[in-house]
Amino acid sequence: MKVTVDEAKCCGAGQCVLIVPEVFDQREDDGIVILLEPEPAADRHALVREAAAVCPAAAIEVSEEA
């Protein structure tokens, strides 16, 4: 799995951070997403998919390619 984020789309809602803080964080000044783990471990894949699904700005893209 590969994860990318589009900072320009991010609205700073923080849902991704609440769901999987090991993979996502937020900038202090404006709350925009920070991708901590672009290739998360297999045990985090379901949570990353959930974070992408609930992102109100659709700023998280998940590719199932290894």
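The following questions and answers go through a predicted model of a protein.

Guide: This is a predicted model, in which local features need pLDDT of at least 70 and side-chain atom pairs count only at pLDDT 80 or more, while totals for chains, interfaces and linings use all residues. Residues are numbered from 1 along each chain as its sequence is written, and side-chain values use heavy atoms, with hydrogens and water left out.

Visitor: Which pattern does the protein follow along the sequence?

Guide: Helices (H or I, at least four residues) and strands (E, at least two) are DSSP runs, numbered from the N terminus. The protein has two helices and four strands. Read along the sequence, they give β-α-β-β-α-β.

Visitor: What radius of gyration does the protein have?

Guide: The radius is taken over C-alpha atoms, and the globule rule is 2.2 Å times the number of residues to the power 0.38. The C-alpha trace spans about 30 × 20 × 15 Å along its principal axes. For 66 residues a compact globule would be near 11 Å, and the protein agrees with this, having 11 Å.

Visitor: What percentage of the residues of the protein count as buried?

Guide: Buried means under 20% relative accessible area, exposed over 50%, and partly exposed in between (1.4 Å probe, protein chains only). Of the 66 residues, the buried share is 33%.

Visitor: Which residues of helix α2 are buried?

Guide: Helix α2 covers residues 45–54. On the other side of this helix, A46 and A53 are exposed. The buried residues are H45, V48, A51 and A52.

Visitor: Why do the buried residues of α2 line one face of the helix?

Guide: The view is down the axis of α2, and the arc is that of the directions from the helix axis to the C-beta atoms. The buried residues line one face because they fall within an arc of 120°.

Visitor: Which elements do the buried residues of α2 pack against?

Guide: Packing here rests on contact, which means heavy atoms within 4.5 Å. The partners of the buried residues of α2 are β1 (2–5), α1 (15–19), β2 (24–26) and β4 (60–63).

Visitor: Which residues does H45 touch, not counting residues up to four places away in sequence?

Guide: H45 lies in helix α2. Its relative accessible area is 15%, so H45 is buried. With residues up to four places away in sequence not counted, H45 touches M1 and P40.

Visitor: How far are the C-alpha atoms of V62 and V48 separated?

Guide: V62 is found in strand β4, and at 25% relative accessibility V62 counts as partly exposed. Leaving aside neighbours within four places in sequence, V62 is in contact with M1, K2, V48 and A52. V62 and V48 are 14 residues apart along the chain, and their C-alpha atoms are separated by 7.9 Å.

Visitor: Which residues does A13 touch, not counting residues up to four places away in sequence?

Guide: A13 is in the loop between β1 and α1. Its relative accessibility is 42%, so A13 counts as partly exposed. The C-alpha atoms of A13 and V54, 41 residues apart along the chain, are separated by 10 Å. Not counting residues up to four places away in sequence, A13 touches Q26 and P56.

Visitor: What is the phi of A58?

Guide: A58 has its place in the loop between α2 and β4. At 48% relative accessibility, A58 counts as partly exposed. Although A58 is not a glycine, its phi is positive, at about 55°.
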